[in-house]
Amino acid sequence: DMGARGPPPRHFSPIFLQWLDCVWQLVQAVPTAFEFTDRFLVCLYDSVLSARHGTFLFNSAKEMAEANAKDHTVSVWTEILATVDGLVNLQYRPVEGLLITSFDSNTVQLWEAVYLRYMGDEWVYRDRFAEFVFFPEVEQPAAAAAGGGAAPGGAHAPQSPSLPAAGGAAA
């Protein structure tokens, strides 16, 4: 129960956002084992906080039905299914049996596209996902618009699909 009807309630719990981070960690560890990309996870993360989709505005199906959310909001899945380009992992290979991987403090990564996109050269991270309808139109900072590290048209163009390491420079 967020956003559109006022500020987030005091009882807002970020459990789903934490779960998305856990899924992102698995995608980084075994990228071919998932049918979706990290862009998909960022879109879901932002949808939870945006209050644009009825999918994440309520605490239960009962609350959603009482508010007639289906009549007044769009499902996040409607927009995702209409925007699947870039959300589907083209390197996906089904895993037979259980997906086994191990994590320790050396393998867990910071999800920079979510947690660092508004720090420093924020547009490097934001532009990577900007073509999706989940982001409102915003004006780019003067440095990016003037071509400082930007591709033609003012948009950053990372050379690889992976984000730079923490503290690293973007391509």
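Is Tyr-45 buried or exposed? Tyr-45 is buried, with a relative accessible area of 10%, where buried means under 20%, exposed means over 50% and partly exposed lies in between, with a 1.4 Å probe and protein chains only. This is a predicted model, in which local features need pLDDT of at least 70 and side-chain atom pairs count only at pLDDT 80 or more, while totals for chains, interfaces and linings use all residues. Residues are numbered from 1 along each chain as its sequence is written, and side-chain values use heavy atoms, with hydrogens and water left out.

**Helix 1**

Helices are DSSP runs of H or I with at least four residues, numbered from the N terminus. Helix 1 covers residues 15–29, and its 15 residues should span 21 Å at 1.5 Å a residue, which agrees with the 21 Å between its end C-alpha atoms; the expected span is 1.5 Å times one less than the number of residues. Among the buried residues of helix 1 are Leu-17, Leu-20, Val-23 and Trp-24, and the cover over the buried residues of this helix includes helix 2 (38–50) and helix 6.

**Aromatic pairs**

A search of the whole structure finds 9 aromatic pairs, counted when ring centres of Phe, Tyr and Trp (its six-membered ring) lie within 6.5 Å, with planes under 30 degrees apart called stacked, over 60 edge-to-face and the rest tilted. The rings of Phe-16 and Trp-19 have their centres 5.6 Å apart and their planes at 25°, so this pair is stacked. These two residues stand 3 residues apart in helix 1, separated by about one helical turn; Phe-16 is partly exposed at 31% relative accessibility, and Trp-19 is partly exposed at 48%. For Tyr-45 and Tyr-115, the ring centres are 6.3 Å apart and the planes are at 90°, so the pair is edge-to-face. That pair links distant parts of the chain, with Tyr-45 in helix 2 and Tyr-115 in helix 6, 70 residues apart. Tyr-115 counts as partly exposed at 35% relative accessibility, and one aromatic cluster is formed by Trp-24, Tyr-45, Trp-111 and Tyr-115.

Ala-51 and Asn-68 are residues other than glycine with a positive phi.

Definitions and conventions:
Contact means heavy atoms within 4.5 Å.
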